[in-house]
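Subject: Structure for your review

Dear colleague,

Please find below the structure that I am handing over to you. My notes on its pockets and aromatic contacts follow it.

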Amino acid sequence: MREELLRLNNLCVDYRVKDGYLSAVKDVSFSIEKGEIFAIVGESGCGKSTIAHSILRLLPDHNEVIKGNIIFNGENLNQYSDKQMEAVRGKKIGMIFQNPLDSLNPVYTTGKQVAEGIMLDKVTREEAWKRVVNLYNDVKMPDAERRANSFPHELSGGMRQRVMIAMMLARTPQLLIADEPTTALDVTIEAQILNIIKSLRDEHNTSVMLITHNFGLVAEVADKVAVMYAGEVAEQGTVFDIFDNPKHPYTKLLMKALPRKTKKEGRLQTIEGSVPRLTGVKRGCRFENRCPYSMDICRTENPPKINVTDSHFFNCHLEKGGE
Ligand code: ATP
Ligand code: SF4
């Protein structure tokens, strides 16, 4: 039976900036079920990382205003104290980033850093070390024991990402947030990392929120997709809905601009025009200045949500979407 793990209800995040407020995320709602891989895809600056950091309460906490609810396992994370959130981070929701070097301490061996996480669960040092080596084997780290004794700078980018995944696996979270996890890696290593993420879902029923600007990746691993534009969800559906029957003019343009051969070419291509400045945003559609179908109403009224099927919707004034 399908069971919901995470739900965002009308999440809005505004950053206080010099000339007012920048609306980085506006009215974003979606849910992720247990064992589901949910991709958030969009160009740089569309708010993907802001959503991830809001869920884990990792925003810089000096210039943002957050509204809306984040429901995890039926509980509202907004009502959690900072101490309760500490227990959620890592243990219940794990996160891996694009650049693992930023998250690893250069002065400790990688194995020691993974073991520390395991020992939080009151495990002895020896037992923790055994588990580290097993985990390194699980993430297909070549020469596991030796790598556990290596410092971060002694490992390649792909090996460091394996360390991050091992660190996260050590605590078997229910949700893994992977923020551009393979952007810095070559195609072969990327495929291996994706396989590890998929087997994590298959073996532990872990849910995955995959943040990416690479449609090729989405096609390979995701079950559902939210296409974001300028802080809003433009369209959402299953991977088949989005690839076989895109409706929103933005998704359509992205699909058209998507060459098919290699992974590198699966990255989003630039489409004409630029994202509007998100400060003092008025009503209307944020895609209006780039949309080939733009009408007067698009400049003055927020686009309505149009349901295509139970699993598929888009936000647009064109009832049938772009042709
Ligand atoms: P990328 O793919 O480049 O990481 P993204 O889709 O993850 O981009 P965010 O990093 O969430 O996008 O940024 C969304 C918007 O919020 C951008 O316009 C960005 O410039 C702005 N922004 C992000 N962090 C802050 C901050 N601390 N203060 C002010 N503006 C911010
Ligand atoms: Fe284009 Fe208007 Fe639809 Fe926005 S609401 S995507 S401007 S047609």
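Are tyrosine 250 and phenylalanine 287 buried or exposed? In this predicted model, both tyrosine 250 and phenylalanine 287 are buried.

Aromatic contacts

The structure contains five aromatic pairs. One of them joins tyrosine 250 to phenylalanine 287 in an edge-to-face arrangement, with 5.2 Å centre to centre and 65° between the planes. This pair connects distant parts of the chain, the two residues being 37 residues apart. Tyrosine 250 belongs to helix 10 (residues 249-256), whereas phenylalanine 287 lies in the loop between helix 10 and helix 11 (296-300). Ring pairs also bring in Tyr229, which forms a cluster with Tyr250 and Phe287.

The largest pocket

Several strands contribute at least two residues each to the lining of the largest pocket, namely strand 1 (4-17), strand 2 (20-33), strand 9 (224-229), strand 10 (232-238), strand 11 (305-309) and strand 12 (312-315). Strand 2 gives the most, with six residues. Sorted by class, the lining of the largest pocket comprises nine nonpolar, 13 polar and eight charged residues.

The second largest pocket

About 530 Å³ of space lies in the second largest pocket. Its lining consists of 19 residues, and those closest to the centre are Arg89, Gly90, Met95, Met167 and Arg171. Strand 6 (93-96), helix 3 (110-119) and helix 6 (157-169) each provide at least two residues of this lining.

Which domains supply the lining of the second largest pocket? At least three residues come from each of domain 1 (4-92 + 173-315) and domain 2 (101-172). By class, the lining of the second largest pocket divides into 10 nonpolar, six polar and three charged residues.

With kind regards

Methods
Residues are numbered from 1 along each chain as its sequence is written. Chains are lettered from A and ligands numbered from 1 in the order in which they are written. This is a predicted model: local features need pLDDT of at least 70, side-chain atom pairs count only at pLDDT 80 or more; totals for chains, interfaces and linings use all residues. Side-chain values use heavy atoms; hydrogens and water are left out. Helices (H or I, at least four residues) and strands (E, at least two) are DSSP runs, numbered from the N terminus. Ala, Val, Leu, Ile, Met, Phe, Trp, Tyr, Cys and Pro count as nonpolar, Asp, Glu, Lys and Arg as charged, and the others, Gly among them, as polar. On a 1 Å grid over the protein atoms alone, a cavity is a set of points where a 1.4 Å probe fits but cannot get out, and a pocket is an open set with protein on both sides within 12 Å along at least five of seven lines; lining residues have an atom within 4 Å of a point. Grid points are joined across faces, edges and corners, and a volume is the space filled by probe spheres set on the points. Domain bounds come from an automatic or database domain assignment. Rings of Phe, Tyr and Trp (its six-membered ring) pair if their centres lie within 6.5 Å; planes under 30 degrees apart count as stacked, over 60 as edge-to-face and the rest as tilted. Buried means under 20% relative accessible area, exposed over 50%, partly exposed in between (1.4 Å probe, protein chains only).
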